[in-house]
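Okay, thanks for coming, everyone.

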Amino acid sequence: MTATAEERCLWALAQLFADDGEILASPMGPEPQKAARLCRRFLNPDLMLSDGVAHLIDGAGAIEGPMNYARVFETLWNGKRHVLMGASQLDRFGNQNISCIGPHPQPKVQLLGVRGAPGNTMNHRTSYWVPKHSTRVFVDTVDVVSGVGTNHAEALGPANRRFFDLYRVVTNLGVLDFGGPQKSLRLVQIQGETDLAFVHEQTGFELVVSDQLAVMPDPPAEILHWLRREA
Amino acid sequence: MRPARPLSKVATQSSATKMADKRCTVAEVIGKLESGMTLGIGGWGSRRKPMALVKALAESSVTDLTVVSFAGPDLGLLCAAGKVRKAVYGFVSLDSIPLEPFFRRARQRGEIQVREWDEGMMVLGLEAASRRLPFTPTRAGLGSSVIALNPDLKTVTSPYEDGEALLAVPALPLDAALLHVHRADVGGNGQILSPDPFFDELFARAAQQVFLSTERLIDTADFPTEGSVDRILIPRMQVTGVVEVPGGAGFTECLPDYPRDESAQAAYAAAVGAEDPLAAALASLS
């Protein structure tokens, strides 16, 4: 049984929470949510997940506590949380934009607003999921810094950046960490059927590639079965 | 409705054995609002928004508002009606439709001023106002464009040995707040039955005047049969007026009473492309 590219992405997303222990995972969007459930089922049974409404739901579907928005904010300021967000734009230092495209006083395209991204990135581990790796997303400079990147965190100094923890970016083409020069993005895994030149072409800045670049692994058969069974 | 200033003791003596009756009409609520006010609106995204009150406000002569909201169609409709001078928000979304069309249009035309904050900063600003403090310190916002886009924001240095410079989120005091609750009594105690009460309590404490619309007015003694008494989250001491409006959340979600009316919301979103967008948007709420 061979995994699809999408299934390898879900497996890569699931790995993000594997070493988090007993914290709240906040996966935004359907693929991250499925990956977080996969992670709890097979990799990290201690992970806590919300029903996306107002409660924590355990692996058997039982409510194990409240998690309304007020509690989400208290949890994120407290730090026991790992958020997996999307990004309309992302630069080489992991600055993320979900606010607007173009000049902020009168944008060309108004998006959601900065949402909780500034606070998330300054308070706990943050990862991103980019379902379509392209030069539209991976840009030289983001129009608005919603999620804080490594360069801005460095500039703030050691006290302010104590809890800053930008972790990984997973895209349809590969997995990136922040092991490049000055804590910039670095491609560490690539989809097997993807040509490295294509990843460069789809990235709007000069992409650093790990000298130990690996191919994104297939999930084990048991997990593949689970993925295909789960809606 | 409670008057702006308390009645004299003589005037209240005859009814001193009963709590004030704050029932009023939608028109009376709108009559209390003035152009130029800073207005907080409860709910979150397209959930439990006081759309009946917001619609009446959109149809009124009140304008030049500063709107503070975890925003959805409330801010959108007021933008459509040209009532917004400044919006204070972290996000604006219709939930099932991610982007709010009328807010987008107003922004892309450069029609409104904005204070775009991290959404947690919104909570902290309302908390500061609620506690009558000038600011709340946080790390949220530091390092992001929120700082450059809001030049009024200042930092504060911890007076303790850590000496960390933190963002001082300024208080967000409100002239008035509009909230939609599931049940209320005539005194203005409000019971919220949805799984997430959002930040309505905070809006109530941050505001000088608070107006509730409610799905149903009930006797105070009936709160326990409607839901948990621990969900009577809005105390009448915070409330100026209460108006019964069944369906007062419009097409927004008001569970457990009713889910979001997705087809009405889709009609609202499509209204931005109509010949008369405001009229079409208002029609989606009637």
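Some ground rules. This is a predicted model, where local features need pLDDT of at least 70, side-chain atom pairs count only at pLDDT 80 or more, and totals for chains, interfaces and linings use all residues. Residues are numbered from 1 along each chain as its sequence is written, chains are lettered from A and ligands numbered from 1 in the order in which they are written, and side-chain values use heavy atoms, with hydrogens and water left out.

So, the interface. How many residues of chain A are in contact with chain B? It's 39 residues of chain A, against 41 residues of chain B, and contact here means heavy atoms within 4.5 Å.

Between chain A and chain B the count is 2 salt bridges, each being a side-chain nitrogen of Lys or Arg within 4 Å of a carboxyl oxygen of Asp or Glu. There are also 22 residue pairs in polar contact across the interface of chain A and chain B, both residues at pLDDT 80 or more. A polar contact is a pair of N or O atoms within 3.5 Å; within protein, one must be able to donate a hydrogen and the other to accept it, and residues adjacent in sequence count only if both atoms are side-chain atoms.

B:Glu119 takes us to helix α6 of chain B, residues 119-130. Helices are DSSP runs of H or I, at least four residues, strands are runs of E, at least two, and both are numbered from the N terminus. Is α6(B) enclosed or open? Well, 12 of its 12 residues are buried, so α6(B) is largely enclosed by the rest of the structure. Buried means under 20% relative accessible area, exposed over 50%, and partly exposed in between, with a 1.4 Å probe and protein chains only. At the start of α6(B), a side-chain oxygen of B:Asp118 comes within 2.9 Å of the backbone nitrogen of B:Gly120. After α6(B) comes B:Arg132, with a positive phi near 60°.

Over in chain A, the buried residues of α2(A) include A:Pro32, A:Leu38 and A:Cys39.

Now the two residues. A:His133 sits in the loop between β10 (125-130) and α5 of chain A, and at 3% relative accessibility it counts as buried. The side chain of A:His133 makes a polar contact with that of A:Thr171, at 2.9 Å. A:His133 also touches A:Phe138 and A:Val199, among others, not counting residues up to four places away in sequence.

A:Asn151, in helix α5 of chain A, counts as partly exposed, at 27% relative accessibility. What does the A:Asn151 side chain make a polar contact with? That's the side chain of A:Asn95, at 2.9 Å.

How values were computed
The expected span of a helix is 1.5 Å times one less than its number of residues.
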